[in-house]
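Reader: I'm new to this one, so could you walk me through it slowly? I may jump around a bit.
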Amino acid sequence: MKKIVSIVALVALIPILCGFLEKDIHSCENHSSWGFYGHKRINELAIYSLPEGMFGFYKANMDFIIEHSVDPDKRRYGVKGEAECHYIDMDRYCFGQAGCDPFENVPKHWNDAVAKYSEDSLRAHGIVPWHVNLMVYKLTKAFEEENITRVLHLSAELGHYIGDAHVPLHTTSNYNGQKTNQRGIHGFWESRLPELYDLNYDFFIGKAEYIKTPLDHIWGKIRQSYAAVDSVLLMEQQLNSTFPSDRKYSYEVRGQAQVKVYSEEYSNTYHQMLQGQVERRMKSAVLTIGSYWYTAWVNAGQPDLSKFISKGNLPEYQPELPVSKPDSLSIRDHE
Ligand SMILES: [Zn+2]
């Protein structure tokens, strides 16, 4: 209980601490990846991609899947081993070599990557692809055991990590533009833009698909995210150099406070320059989440979920805190 209270207290302190600390790790500056709004919306939309045997159950538990989509971010400062599950700094695997493709350097499988770089350095640079793979494995087990509470909890959180893997700035060590004098760009791209424009996006994404090799699939998504890093940064640099600086920011009232935000005019121009990039990454995240949920369910033998739809059959939700340092042996390449 004490531990939970101190985690809650720490989470409450984050915005205050972030005002004073500056660390060169993915920490304070991107504490709400995709923004809480984006993660909730992505998890919600993923439900509509599910096939008949799953849709009714997920729809009945939509509030849970939405609400718990942000749990991993809430605990990332209070729980050791959590922060690195949200990103991977691919550029760190190029060691400054020009023309290098980091994806050729990093082995796709966890054990091979540990053998090459050591577990500590992998964790220092982020482990999101392997963590997604581990979550798919856990979700499959939960379906097999028909442990419905766990299925819901893991589905919501798997959605979070997949969402993070789709954000270009979650794949680079220059994650908040701190190396290129663009501080704030992380939240700009992944929170401000979706909050302003996602209601105009076309979220018709079709049906969830079976994914034969989940680890390869998430690596493919990370490759796409990483390929978009340059345009995310360069477009903003270009805009910043031509846009009147007194119109770049504005103030909005959020709750009791007045907060400084990128102005709508600046946001709109940047959003147009990106030519649908935020929409494409969001849609891909939605479809990937639905597809991983579906894949876990199929691999578990398609358990009948209809018997759990009635609320009366759902066990009480018991929040589970992850272990402080996940057993490295459990992050295998479950395929
Ligand atoms: Zn996150």
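Author: Let me begin with a term: helices here are DSSP runs of H or I with at least four residues, numbered from the N terminus. The model itself is predicted.

Reader: Where does Ser118 lie?
Author: Ser118 sits in the loop that runs between helix 7 (110–117) and helix 8 (119–125). Its phi is positive, at about 80 degrees, although Ser118 is not a glycine.

Reader: Which loop holds Gln275?
Author: Gln275 is found in the loop between helix 14 (264–273) and helix 15 (277–299). Gln275 has a positive phi too, near 50 degrees, and is a residue other than glycine. With 11 C-beta neighbours inside 10 Å, Gln275 counts as exposed.

Reader: Changing topic: how many residues of helix 10 are buried?
Author: Helix 10 is mostly covered, with 16 of its 18 residues buried. Helix 10 spans residues 148–165 and reaches 26 Å from its first C-alpha to its last, which is close to the 26 Å expected at 1.5 Å a residue.

Reader: What about the chain, how much of it is buried?
Author: Buried residues make up 40% of the 335 residues in the chain.

Notes: Residues are numbered from 1 along each chain as its sequence is written. This is a predicted model: local features need pLDDT of at least 70, side-chain atom pairs count only at pLDDT 80 or more; totals for chains, interfaces and linings use all residues. Helices (H or I, at least four residues) and strands (E, at least two) are DSSP runs, numbered from the N terminus. The expected span of a helix is 1.5 Å times one less than its number of residues. A residue is buried if 20 or more other C-beta atoms lie within 10 Å of its own, exposed if 12 or fewer, and partly exposed in between; C-beta atoms are placed from the backbone.
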